[in-house]
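Please work through the exercises below with the sequence and the model open side by side. Try each task before reading its solution.

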Amino acid sequence: MGGVEFHAHSAFSFLAGASTPRQLVVEAFRQDIKTLALTDTFRLSGVPTFLEAASEVGIKAIVGAEIVVEDLGQLVLLVPRTEAYADLTRLLTEALLNSPRKQPRVRWETLERYGRNLVALTGDRQGIIARPWLEGRRAEIPEITARLIDIFGTNNLFIELTVNYLPGDRLIFQFLDHVAESTHLPLVATGAVRYARKEDFGLFDLMTCIRTGQRVEEVGPERYLNAENYLKPWNAMVSALGSWPEAIRNTQALAERLETPDILRKPHYPKYPDLPSGQGSERYLAALVKQGAQKRYGTHVAQVQSRIRHELSIIRDMGFTDYFLVVWDVARFARRAGIRFAGRGSAADSVVAYCLGITDVDAYSRQLLFERFMSRERQETPDIDIDFDAKRRDEVAEYVRQKYGADHVAQVATYQTFRARLAVRELGKVLGFPPGELDALAKSLPELSIDEMVSRWDEIPELRQYPDSERLKLMLNWARTIVGLPRHIGTHLGGLVLSQESLDSVSPREWSEKGIQIIQFDKRDIELMGLLKLDLLSLRTFTAIDMTVKEIEAQDPNFDYERLSHSDEATYQRLDQGDAIGVFQLESPAQRSLAQRLHPDRWEDIVASLALIRPGPIKGNMVEPFIARRQGLEPVTYLHPELEPILSKTYGVVLFQEQVIAIASTLAGFSPGEADALRRVMTHGRSHETMQQLGEKFKQKATARGITSDVAEAVFQQMVGYASYGFNEAHAAAFAETAYRTAYLLEHHPREYFLGLLNAEPLGYYPIDVLLVEARRRGIAIKAIDINQSQACATLESEGVLRIGFSFMRGFGKELADALVVHRPVGGWQHPSQIQERLAIKQDQLNALVQVGAFDEVAPDREGLLLDLSGANRLGFLTQRLQRVWGRQEKMLWDYKICGFGQHEQWMEPWRDELKRTGYATTDELKNLSIGKMGRTVGYLIRPHRPPTRSGRLVVFFSLLDETGILEARLSSALYQKFGHWLFGRVHPILAVSGRMQPQGMEIRSIAPWNTKPSAMGSPPQ
Amino acid sequence: MKPLEKVWVRSQVPYAFVWRQQYVSIVRVMDYWRDIGEWWRGEPELWFWRIQGQKDSVFELACNPQTHQWWMFHVYD
């Protein structure tokens, strides 16, 4: 028989393991290890992938975990058979929920309660026997051993010899052998594995340094002396334990005895609890859908009956009837509670979801295919994603918890993995890079893989500028190996799992940093574990809309947001002008530029826009042909007349995934489920060979239905060309609803809408500074924070003036902001010291109120007030109180420091005369220049980015803001080499640029930082 | 660490060496471990043996398994 390893940690031991479960399995396979256990510390997160990977290569996978008992030492627990799995999850849950968050411990009582069906190994030098021996607490060992034997018996408790070649091993092994002999416990051999291969040690050691917060040169007790915690070949284990052959024999015997638990893909779906008496869930769902269909389709309801029957039969056959009832119930709760929501994603391909009020997209009228959402062929759990008003999403989650019980509901986890920036920051710190340099480097990393960064080093100016590039490359090489490994567990923002039986038998639960209970699996793994997820997402745009609508309704009770017409001319005109800053999903420079070329004047244009501005269509060169056809500049043709009904709404272009499915069904007679499988294969860019096989099948089926082979081939090629870029139409249509409506609000109710946007921040593409410039540009007066006029959030004052609230100040929580309003004295606050007397406020918060001018109306000399609080004026030695009224630029600097935006004016405004004198135009003036003309301007740098391009070249897009608006700019690949370092990393945010005007903005020719001249007070905070 | 000129090895385990021109026969291996050193500076992994020589003398020998170089690491009087 092959080798065995019962004690192996993966990267899911978070910074205490350096290989993924799959890497461990691959290496075990290579080393002919036939039985492998995964024993992460207090964690089963790696188990689903581990079981899957092991089953693929025929390795017997044993599930386990390493725990710490009281403060005594570690114990490795193994699950001997399926039924005992729940004992391990319950044991871990009890320990994790009852211990401090980062220091879990298992109490003896817990071990007694849940340990009896498990197998235990005594661990390495940190183990429950070796550690007391090493720490000189030898007298405790007999009692510990006796308690362990009492729980596990002598058949299921093993004394572990770990082959790690450490000083003193021989003595420890002799001692452990003595314990085994005197207690009649068997010895067992392990490698206490922390990484798959010996060469992974360097990464593991760096991860240890990240975990312990030390530099690589520093010595620490948690650093490993050698690189011997890898998966060793079995013969190495046999030879190392030559004096203890029984350990080898026992290990192999135990491997024979343990079983892989059968826990994957066993459904634990919830049942809907409130069925009317005598009605099964299928009948009840059908009745609800019927009722909903009547409401949605009215007199046309008969037309949709067969579609509804079709959907219901798939839902029933796949076992998701109760799931739909659960989601319906959640949507109903939100509606009744007045919580704004909308279903999105492929669920909007379902007429049933539409009739149940879960989504607002009429899948029937749009001819959306249900099979894009779920099909018998796919056998996957459907995902129903619903966006809720961000402020009220927790109410919905709480409703679900109350209804199904805390033991049956928990939040899904996310594994926070190392990405390039984090890897550079953390590894750089460990490797001794100065913090300032690291910060600049991390900020300047391009959106490329680390491999590409290293190989294209000389093409990236902001990296090239670093003097010690060899050292940096070395660090990036380490970063490359850590990218993708999980670092810690987090909370999935919207994912709730629901389970029929108590979740404790499926997954351990633990506290998240936010203090809510999460399971140990992420959204992919919960599906493998047979759990169902509800995606209750939060959308701040709904918060903004809710506030906007309430403001409008206060003035116009007849206003009905839900019934806005889809054909408001003014709204489309505004979008056509690229004037969409603040509009949901349509405000980015790329969307605004598209609108100026596409000239949207109907609903379908919005749906198409949302699908077009994605990396796929841009890289696939789909955008321009689409625009040309939409504008009538290119003929709309179809390869076959049967394609016309499918592609007419996108002018013959395959834009949506649903269209690929429809083509395969219509032309080649694929069942919709088969067609979706075809779409998915195409989308994931499979091998040339697979594509050819698919093509043959498509052609065969199409020609059998009378399509000529030439046409079938051409259609297949068209599908292949676009399938990987196609977007989910249902999702686009769902988002288009909100996009259009927010455009409508912006056009017709800008004051109320800007108020909503400001109060829902952070949201959208642009920072508040941009929103304020936009608001002013539309004639909305902005008033600064005033100690006696402001509320906690922004408010509309008389005549539509927008007043900024206290919560816009950095470091001011909601509580303090509210307190300033609630405790405001009759007659108002007259001096900051009054606040100090009445409220718990820190000195710097009080100073900030003065610095942003909150007291300007009662005492305009800010300097004097500050000195009153903590300076010369307070000491009382002066015969005359010091005072000074600040200048315009000084006031603005404090605005930017404290709020991040100019309350009275944008940063560039005070320099306008000087800029004019020196020949710089405003961004607004530049927009009026004819195409091809040169111009120059100075502005505040916003969002420089290097999106993927078709050619793969690095091109930069950025925006420049001044008091007149925003200018979009593009820096070519060649000039990026020259000027890129001004845009990324530690940059000066005020830039002077010159360039040639193009329809989409400025094609940059030169960039330089622009320094505010002598009077100046330095750079604005970034 | 002083280089050892001559070490006799069987199955990767030393059994005799020359130290200060004296032949030392290894009576017992008392302990054995491996140390990765300052790997980030390119230091190699070393293998260590604490051994008992004839006349009860105790030594620690170090070896680079890649180059088969040997050193005297410690001498216990």
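Residues are numbered from 1 along each chain as its sequence is written, while chains are lettered from A and ligands numbered from 1 in the order in which they are written. The model is a predicted one, in which local features need pLDDT of at least 70 and side-chain atom pairs count only at pLDDT 80 or more, whereas totals for chains, interfaces and linings use all residues.

**Exercise 1.** Describe the make-up and overall dimensions of chain A.

Solution. Begin with secondary structure, where helices (H or I, at least four residues) and strands (E, at least two) are DSSP runs numbered from the N terminus; chain A has 44 helices and 22 strands. Next take the radius of gyration, computed over C-alpha atoms and compared with a globule rule of 2.2 Å times the number of residues to the power 0.38. For chain A this radius is 33 Å, close to the 31 Å that the rule gives for 1022 residues, so chain A is as compact as a globular protein of that length. Along the principal axes, its C-alpha atoms fill a box of roughly 95 × 90 × 65 Å.

Then consider burial: a residue is buried if 20 or more other C-beta atoms lie within 10 Å of its own, exposed if 12 or fewer, and partly exposed in between, with C-beta atoms placed from the backbone. Buried residues make up 48% of the 1022 residues in chain A. Finally, two residues are in contact if their C-beta atoms, placed from the backbone, lie within 7 Å; of the contacts in chain A with a separation of 6 or more, 69% are between residues 24 or more positions apart.

**Exercise 2.** Carry out the corresponding description for chain B.

Solution. Chain B has zero helices and seven strands, and along the sequence the pattern reads β-β-β-β-β-β-β. Its radius of gyration is 12 Å, close to the 11 Å from the globule rule for 77 residues, so chain B is as compact as a globular protein of that length. The C-alpha trace of chain B spans about 40 × 25 × 20 Å along its principal axes. Of its 77 residues, 23% count as buried, and residues 24 or more positions apart account for 29% of the contacts in chain B with a separation of 6 or more.

**Exercise 3.** How many residues does each chain bring to the contact between chains A and B?

Solution. Chain A gives 13 residues and chain B gives nine residues. On the side of chain A, helix 7 (169-183) and helix 8 (201-212) each supply at least two residues.

**Exercise 4.** Locate A:His599, B:Asp56 and A:Pro762, and describe the backbone at each.

Solution. As background, most residues other than glycine have a negative phi, and most peptide bonds are trans.

- A:His599 has a positive phi near 55°, and belongs to the loop between helix 24 (589-598) and helix 25 (603-612) of chain A. With 15 other C-beta atoms within 10 Å, A:His599 is partly exposed.
- B:Asp56 has a positive phi near 60°, and lies in the loop between strand 5 (46-53) and strand 6 (58-64) of chain B. With 8 other C-beta atoms within 10 Å, B:Asp56 is exposed.
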